[in-house]
Protein chains: 2
Amino acid sequence: MKTIYMIAGFYLFVSSINFLQAKPRTGEPIQPIKRPSKVNPKEVELGKKLFFEPRLSKSGFISCNSCHNLATGGADNLKSSIGHGWQLGPINSPTVLNSSYNLAQFWDGRAKDLFEQAGGPIANPGEMASTHALAVKTLSSIPEYRKEFKRVYGTKKIKIEHVQRAIAAFEKTLVTPNSRFDKWLGGDDKALSKHELTGYQNFKKFGCITCHNGPAVGSNSFQKFGMVHPYTKDTKTLGRFNVTKKPADKYFFKVPTLRNIELTAPYFHDGETWSLAEAVKIMAWHQLGLKPNKDEVKSIVAFLKTLTGEQPKIVYPVLPPSTGATPRPDTTK
Amino acid sequence: MKTIYMIAGFYLFVSSINFLQAKPRTGEPIQPIKRPSKVNPKEVELGKKLFFEPRLSKSGFISCNSCHNLATGGADNLKSSIGHGWQLGPINSPTVLNSSYNLAQFWDGRAKDLFEQAGGPIANPGEMASTHALAVKTLSSIPEYRKEFKRVYGTKKIKIEHVQRAIAAFEKTLVTPNSRFDKWLGGDDKALSKHELTGYQNFKKFGCITCHNGPAVGSNSFQKFGMVHPYTKDTKTLGRFNVTKKPADKYFFKVPTLRNIELTAPYFHDGETWSLAEAVKIMAWHQLGLKPNKDEVKSIVAFLKTLTGEQPKIVYPVLPPSTGATPRPDTTK
């Protein structure tokens, strides 16, 4: 008899927990950011070192983190990035945060994934201005790196593919879960204010959600900038056309993620817009042919700010010293 | 009776611990690096943010950490640093590690302490190229900074002095204790190899110790570069003379710390020497009129490498976003 009571009691107890537990909102067009499941901590640690490694650049001054600064939303907050010799890049630096969710990398999607992307800036004469051969020679001249690459990839000889793999592995961990919006998605009704919720409703109602959806609130399609009304501030950057060479792809860009958008001004591929309210108005007009009123814009901005998640906690790496065999940094332009 | 046994036993036990404990070597001309005793964690945290804050520069691209990189021994490992518009500085960037031990800051000692130093590069047109007014305006435009300065200094209005104080407070924590040499000083006989100990004996015997002594193994005097034989690689940089205007101070420089020296190539104020062995030979000849043989040089280099301490463990800061009132970064030269 006692056992029956116990079982019944336990059953009631468990049911009440289920009842009290917040019910996730699974029907929404936006899904929560999740931490990656399979991670090799040693590979990630090596990738972190390489991400902060200025010796991957010709000058020994520029690292991945220079333009994708993890202190400032994974971007540099400049109109366009500063490369070797203070060259100003042709396009705004996209955030590295949650970039594993991107359908492709770069604004024009010319790299299919983070692995492919990681090789780009190192050898771009306007960015890090090194070469893959020089980067590999530099790393190979440092015994600690040789040891670490061997431990992670079992290789005696460092190859640029290993460098890219390690950086990509680190970048996959750069996600920002537990934003207030994600808490709301998880069932926490108090995570959003009424004003922010109104913003989300407007975001859906006006049609922003058509392109900005999924876990990254964007990043999963290419769309024309100026779909309804042509965007005339920048007509030189052709976007997706540069990859496909199809005239119909002119001015198509990867829809950027809106996660952490409050941290990553200035906005758009041209970095011409510094205010989030202004950015919302530009999008509404050029993409949707709409002119939302001040309150509507304000509410959408309030909603967008709920997309700021927990920033990755990074212990700043200590990099191994160069040796006599390490190619010397070359700061000449 | 039992109590007496207990007391006697306890006494013997404690004595044996004392007996077994390593005896610190207190008579040496080098003393161990110590962590600072009085630290205000909130001030240090604010200082850390400012140390990594690129918005203290005109371009929004250069922070203190750009040239005093905590990933690479607190220096940039370049001949001379890269400043605004890719200007190459006139002198090698000294390490920020253990810099609280310096008798004065900069190679020529023109700043009396870390507080005074912190104001320099921000407003130097060749370095961060901002002004104190612009730096304060930038920080004041960001509510999180206003709040944090208020919490630490009780001030409603951020002043450049607060910025300097916070950066200096953070820098005071950037010490590197527990090097192998310091363990040996602490009494651990096994911390150094015979070869390294020979190096230390040579270091003392040849007279390097005359200038490189104290906890920082240097940093406590100005000395002429070329005391015995003139140094001719660089005759343009006048060092201490620039501060005192006394002809006798020409070519006098602050004796740099040798702590973590293996991490901070290239060497000397001109950054002309990349190899530590070469640096030892140059010092021996120009400062002491000596030509140590290969083995002696090797042993001194081995000893110098035992001065690498525990690098500060830095959790990379997350910086608060700019607002509409924040002055925009200006990347023009």
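## Where the chains meet

Ten residue pairs, both members at pLDDT 80 or more, are in polar contact between chain A and chain B. A polar contact is a pair of N or O atoms within 3.5 Å; within protein, one atom must be able to donate a hydrogen and the other to accept it, and residues adjacent in sequence count only if both atoms are side-chain atoms. Between chain A and chain B the count of salt bridges is zero. A salt bridge is a side-chain nitrogen of Lys or Arg within 4 Å of a carboxyl oxygen of Asp or Glu.

This is a predicted model, in which local features need pLDDT of at least 70 and side-chain atom pairs count only at pLDDT 80 or more, while totals for chains, interfaces and linings use all residues. Residues are numbered from 1 along each chain as its sequence is written, chains are lettered from A and ligands numbered from 1 in the order in which they are written, and side-chain values use heavy atoms, with hydrogens and water left out.

## The area between the chains

In chain A, 37 residues are in contact (heavy atoms within 4.5 Å) with 37 residues of chain B. The two chains, A and B, bury about 3300 Å² between them, and 72% of this is on carbon and sulfur atoms. Buried area here is the accessible area (1.4 Å probe) that two parts lose on being put together, summed over both. Of the area that chain A buries against chain B, 27% comes from F61(A), W86(A) and Y316(A), more than from any other three residues.

Helix α3 (64–67) and strand β1 (82–83) of chain A each supply at least two residues of the side of chain A that touches chain B. Helices (H or I, at least four residues) and strands (E, at least two) are DSSP runs, numbered from the N terminus. By class, that side of chain A has 20 nonpolar, twelve polar and five charged residues. Ala, Val, Leu, Ile, Met, Phe, Trp, Tyr, Cys and Pro count as nonpolar, Asp, Glu, Lys and Arg as charged, and the others, Gly among them, as polar.

## Aromatic pairs

Over all chains there are 33 aromatic pairs. Rings of Phe, Tyr and Trp (its six-membered ring) pair if their centres lie within 6.5 Å; planes under 30 degrees apart count as stacked, over 60 as edge-to-face and the rest as tilted. The ring centres of F61(A) and W86(B) are 6.0 Å apart and the planes stand at 90 degrees, so this pair is edge-to-face. It crosses between chains: F61(A) is in the loop between α2 (41–51) and α3 of chain A, and W86(B) is in the loop between β1 (82–83) and β2 (87–88) of chain B. F61(A) is buried, with a relative accessible area of 11%, and W86(B) is buried at 4%. Buried means under 20% relative accessible area, exposed over 50%, and partly exposed in between (1.4 Å probe, protein chains only).

W184(A) and Y200(A) are also edge-to-face, because their ring centres are 5.6 Å apart and their planes are at 75 degrees. This pair links helix α8 (residues 180–185) of chain A, which holds W184(A), to helix α9 (residues 194–206) of chain A, which holds Y200(A), the two residues being 16 residues apart. W184(A) is buried at 5% relative accessible area, and Y200(A) is buried at 0%. One aromatic cluster is formed by F51(A), F52(A), F170(A), Y316(A), F51(B), F52(B), F170(B) and Y316(B).

## Salt bridges

The structure holds 25 salt bridges over all chains. In one of them, D189(B) pairs with R25(B), with the closest N and O atoms 2.4 Å apart. D189(B) lies in the loop between α8 (180–185) and α9 (194–206) of chain B and R25(B) in the loop between α1 (2–20) and α2 (41–51) of chain B, so the pair ties together parts that are 164 residues apart in sequence. R25(B) is partly exposed, with a relative accessible area of 27%.

Another salt bridge joins R180(B) and E196(B), whose closest N and O atoms are 2.7 Å apart. R180(B) is in helix α8 of chain B and E196(B) in helix α9 of chain B, 16 residues apart. R180(B) is partly exposed at 35% relative accessibility, whereas E196(B) is buried at 11%.

## Around N102(B)

N102(B) lies in the loop between β2 and α4 (114–123) of chain B and is buried, with a relative accessible area of 13%. Its side chain is joined to that of Q105(B) by a polar contact of 3.1 Å. Leaving aside neighbours within four places in sequence, N102(B) is in contact with S219(B) and K254(B).
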